[in-house]
Amino acid sequence: MLSTMSRLSLLLVLLACYACTAEPPVETPAPSSAVVFDGAYVITGDGSDPITAATVVVDDGVIIDIGSQGSVTTPTGATVIDLAGQTIMPALVNLHGHVGFQQDLTYDAANYTRDNIVDHLNRYAYYGVGVIVSLGTDVGDVWQAIARDQAAGSLGGARLWTAGRGLAAPNAGPGAAALRPSAYGVSSADEGRERVRDLVSDEAAFIKIWVDDRGGTVEKLNPMYYRAIIDEAHRAGLKVIAHVFYHDDAEDLVTAGVDGFAHLVRDREMDDALVAAIVENDVFVMPNLGISERGRHTAPPAWLESPLLTSSLSLAVRARATDAFQNRNPEAAARAENSYEQMERSLSKLHAAGAALVLGSDSGVQDHFYGFSAHRELELMVAAGLEPMDAIRTATSRSADRLGLSYSGRLVPGARADFIVLDANPLEDITHTRRIQNVYLSGTPVERNALSAQWTRQPAP
């Protein structure tokens with residue numbers, strides 16, 4: 001018989017032999033943090049052809065790879081989301097809004113609080129707007145704190161950029177009474193330069209100026225003053241966007257070196273010389289059709305019942321917006337119709353000449369709704385002659401480029417994963433941009449159902 005020591009030695013030998021011949025254990029791959037969106041029709045927003053059935057790989061909020069199915073490697077262990085039959089397009093970039101003033105049925109400067117601005121940023125996000133520029137009506141430093149928190153990743157919603165406080169003649173800024181005090185009043189060229197330096201220190205995204213007399217009711221910003229403002233802004237590397245109404249002012253502003261217009265000319269159709277000057281000087285233009293188009297109606301327009309819009313409004317706000325279209329003066333509506341047709345012709349000329357068109361919807365004016373107005377703007381641009389692809393590029397990469405954002409407004413490797421998932425193709429019908437299934441900002445889904453429930457909840461009796 002083997003001794004105990006001998007049996008132990010034999011066991012160790014057998015174990016050693018087994019270890020030499022046995023296959024190594026199969027390792028389970030570690031889960032990947034990547035998310036793969038697979039099978040959708042993708043509109044990249046940068047002018048390249050759509051991808052019929054795409055694979056989009058997102059990790060840490062950034063697009064890692066994108067291409068047709070089979071050409072992109074799916075990371076091992078990644079989460080895969082099947083989007084076959086759906087369409088993906090970039091989140092919108094809107095260069096003209098006003099945050100903080102509307103709160104339910106009130107429209108007042110007292111509403112300009114952090115909580116209300118954050119609510120508005122969530123509304124933009126709900127509608128698929130990834131970036132919003134609040135253009136000239138932001139007083140104080142609340143917006144700066146919000147921008148810092150968003151940059152740090154501790155606050156979501158559409159990313160906020162602002163022009164801080166805009167510049168106008170004294171008491172001659174925005175048209176709405178609640179907005180008007182937000183503009184700096186400028187009484188000299190030196191004061192204009194000083195205000196620009198203040199805005200540079202505040203890290204404003206643009207300089208906004210108002211050059212309009214509001215139908216002769218206020219003083220117009222002196223050309224000598226806006227020339228000094230434009231010069232000082234350019235010294236600091238900032239672009240100047242002008243609110244404009246009159247054709248003659250637009251001509252002089254182009255000569256003075258303005259970088260962009262927040263509206264089309266509205267006193268008459270743009271002539272060929274002005275269009276050519278805009279193109280030659282690379283002045284970007286926000287058609288801003290929707291804010292003027294509203295004046296054409298003497299009855300509530302059909303878009304007020306859009307499911308996308310009604311899913312974010314209380315019944316009281318919907319009723320107030322509807323009532324605003326009732327019993328309008330037919331003569332005033334006819335004048336608005338004539339003016340609007342001039343604007344459409346101006347836009348057609350600008351587009352045909354190759355002018356730089358960008359998205360700016362003036363959202364945040366009372367009942368010109370956050371986010372939804374951008375989708376209306378797309379529809380109106382197409383009605384005025386743009387192809388759907390042109391309108392989408394105007395509202396995505398072309399707008400992002402004017403902010404210097406190479407990582408927004410397009411779906412390419414290295415870009416932020418900001419995109420809208422639609423259940424229909426907007427290249428077939430531009431109103432399909434409203435058929436939103438999901439919105440992702442930095443690769444994270446916006447909690448749209450929860451937001452809609454919050455906004456449409458009725459007060460207790």
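Modeller: The largest cavity has a volume of about 80 Å³, the volume being the space filled by probe spheres set on grid points joined across faces, edges and corners. This is a predicted model, in which local features need pLDDT of at least 70 and side-chain atom pairs count only at pLDDT 80 or more, while totals for chains, interfaces and linings use all residues. Residues are numbered from 1 along each chain as its sequence is written, and side-chain values use heavy atoms, with hydrogens and water left out.

Colleague: What makes a space a cavity?

Modeller: On a 1 Å grid over the protein atoms alone, a cavity is a set of points where a 1.4 Å probe fits but cannot get out. The structure holds 1 cavity of 30 Å³ or more.

Colleague: Which residues line the largest cavity?

Modeller: Lining residues have an atom within 4 Å of a point, and among them are W303, D367, H368 and R376. Helix 12 (372–383) and helix 8 (289–293) each supply at least two residues of the lining, and helix 12 gives the most, with 3 residues. Helices here are DSSP runs of H or I with at least four residues, strands are runs of E with at least two, and both are numbered from the N terminus.

Colleague: How does that lining divide into nonpolar, polar and charged?

Modeller: There are 3 nonpolar, 3 polar and 4 charged residues. Ala, Val, Leu, Ile, Met, Phe, Trp, Tyr, Cys and Pro count as nonpolar, Asp, Glu, Lys and Arg as charged, and the others, Gly among them, as polar.

Colleague: Why is V283 called buried?

Modeller: Buried means under 20% relative accessible area, with exposed over 50% and partly exposed in between, for a 1.4 Å probe and protein chains only. V283 has a relative accessible area of 1%, so V283 is buried. V283 is found in the loop between helix 7 (272–280) and strand 16 (284–285). Leaving out residues up to four places away in sequence, V283 touches several residues, including V254, F261, I278 and A356; contact means heavy atoms within 4.5 Å. The C-alpha atoms of V283 and A355 are separated by 7.6 Å, though these residues are 72 apart along the chain.

Colleague: And why does D249 count as buried?

Modeller: D249 has 12% relative accessibility, and therefore counts as buried. D249 is found in helix 6 (residues 247–256). Not counting residues up to four places away in sequence, D249 touches V211, K220, Y226 and V244.

Colleague: How do you know that strand 9 and strand 10 pair?

Modeller: Two strands pair if DSSP finds at least two bridges between them. Strand 9 (residues 129–134) and strand 10 have 4 bridges, in the parallel sense, so by the definition they pair. S134 stands opposite T162 in strand 10.

Colleague: What makes strand 6 and strand 10 the edges?

Modeller: The open sheet has 3 strands in the order 6-9-10, with parallel pairing. Strand 6 (92–97) and strand 10 (159–162) each have a single partner strand, so one side of each is left without a neighbour in the sheet.

Colleague: How many bridges join strand 2 to strand 3?

Modeller: 6 bridges join strand 2 (residues 51–59) to strand 3 (residues 62–68), and the two run antiparallel. A54 stands opposite S68 in strand 3.

Technical notes. On a 1 Å grid over the protein atoms alone, a cavity is a set of points where a 1.4 Å probe fits but cannot get out, and a pocket is an open set with protein on both sides within 12 Å along at least five of seven lines; lining residues have an atom within 4 Å of a point.
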